[in-house]
Amino acid sequence: MGARRRQEWRGRGTRRDARRGIGLGELAITVIVGVLLGLGLFHFSGNGGGGGPPAPAPIVQPLAESSPSADGAAGVVPPGVVASAVSRRFGFCHSGGGRNCVVDGDTFWMDGEKIRVADIDAPETHPARCAREADLGARATRRLHALLNAGPVALETGDRDVDRYGRKLRIVTRDGASLGAMLVSEGLARRWEGGRRSWCD
């Protein structure tokens with residue numbers, strides 16, 4: 001084969017190799033775009049390939065920050081949700097967990113869930129800070145125990161779900177009347193106003 005013929009064959013092979021290289025490159029790009037589309041990391045503008053500007057990326061709004069609870073916790077829930085009234089037999093559980101028992105004047109366990117009475121602040125008992133608070137706290141605990149055992153109660157959500165201790169914040173009612181308000185009217189608790197105050201003054 002003459003030198004000229006060999007040169008022509010070499011030129012054809014080079015052109016074929018170039019065409020093959022472009023084909024493999026296009027195939028690789030197609031595969032990569034397909035994977036990105038499948039993962040949602042890439043999208044076409046949907047303009048029919050007309051060369052218009054790409055569709056704007058969706059704006060992702062940050063989640064709204066939860067408002068702090070009565071004790072500074074998060075968990076915003078729709079207010080006014082009322083669970084069906086139920087009856088339980090309550091004991092006492094002054095420390096640790098329980099199923100259906102009263103911890104103090106504004107905290108109790110119901111069906112294994114710890115509930116904080118959301119509309120009041122009762123005297124502390126674990127520990128009390130003075131003799132007056134200890135006496136009021138013991139009376140508030142016994143009164144809440146008696147009220148819970150007097151008949152069915154319903155639990156109503158306020159504007160927050162849980163406090164920073166993981167307790168469910170609920171307004172406890174019977175026939176629409178707040179048990180917390182009853183404790184307030186008897187001098188055994190205060191209306192919750194966003195912070196605790198001393199019972200020893």
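Which residue lies over the face of Trp199, and at what distance from the ring centre? I started my notebook here, and I found Arg190 over that face, at 3.8 Å from the ring centre. A reminder to myself: this is a predicted model.

**Entry: another charge over a ring.** I looked at Trp192 next. The charged end of Arg116 sits over its ring, 5.2 Å from the centre.

**Entry: aromatic pairs.** My count of aromatic pairs came to one. The partners are Phe90 and Phe108, with ring centres 5.9 Å apart and planes at 85°; planes over 60 degrees apart count as edge-to-face, so that is the label I gave this pair.

**Entry: helix H2.** I checked the length of H2, residues 131-149. At 1.5 Å a residue its 19 residues should span 27 Å, and the end C-alpha atoms are 27 Å apart, which agrees. I then listed its buried residues: Glu133, Leu136, Gly137, Ala140, Thr141, Leu144, His145, Leu147, Leu148 and Asn149. What covers them? I found that the cover includes the strands E1 (91-92), E2 (101-104), E3 (107-110) and E7 (168-174), along with helix H3 (179-185). After H2 comes Gly151, and I noted its positive phi, near 155°.

**Entry: the largest nonpolar core.** This core has 21 residues, and I asked which of them touch the most other members. They are Phe108, Met110, Leu148, Val172 and Leu183. The elements giving two or more residues to the core are E3, strand E4 (113-117), H2 and H3. H2 supplies the largest share, five residues.

Leaving out residues up to four places away in sequence, Leu148 touches Arg88, Phe90, Val102, Phe108, Val153, Val172, Arg174 and Leu179. Both members of the aromatic pair, Phe90 and Phe108, are on that list.

**Entry: Ala181.** Setting aside neighbours within four places in sequence, Ala181 is in contact with Asp119 and Ile120. I also took the C-alpha to C-alpha distance from Ala181 to Ile171: 9.6 Å in space, for 10 residues in sequence.

Terms used. Residues are numbered from 1 along each chain as its sequence is written. This is a predicted model: local features need pLDDT of at least 70, side-chain atom pairs count only at pLDDT 80 or more; totals for chains, interfaces and linings use all residues. Side-chain values use heavy atoms; hydrogens and water are left out. Helices (H or I, at least four residues) and strands (E, at least two) are DSSP runs, numbered from the N terminus. The expected span of a helix is 1.5 Å times one less than its number of residues. Buried means under 20% relative accessible area, exposed over 50%, partly exposed in between (1.4 Å probe, protein chains only). Contact means heavy atoms within 4.5 Å. Rings of Phe, Tyr and Trp (its six-membered ring) pair if their centres lie within 6.5 Å; planes under 30 degrees apart count as stacked, over 60 as edge-to-face and the rest as tilted. A charge sits over a ring if NZ of Lys or CZ of Arg is within 6 Å of the ring centre and within 35 degrees of the ring normal. A nonpolar core is a set of buried Ala, Val, Leu, Ile, Met, Phe, Trp, Tyr and Cys residues joined through side-chain atoms within 4.5 Å.
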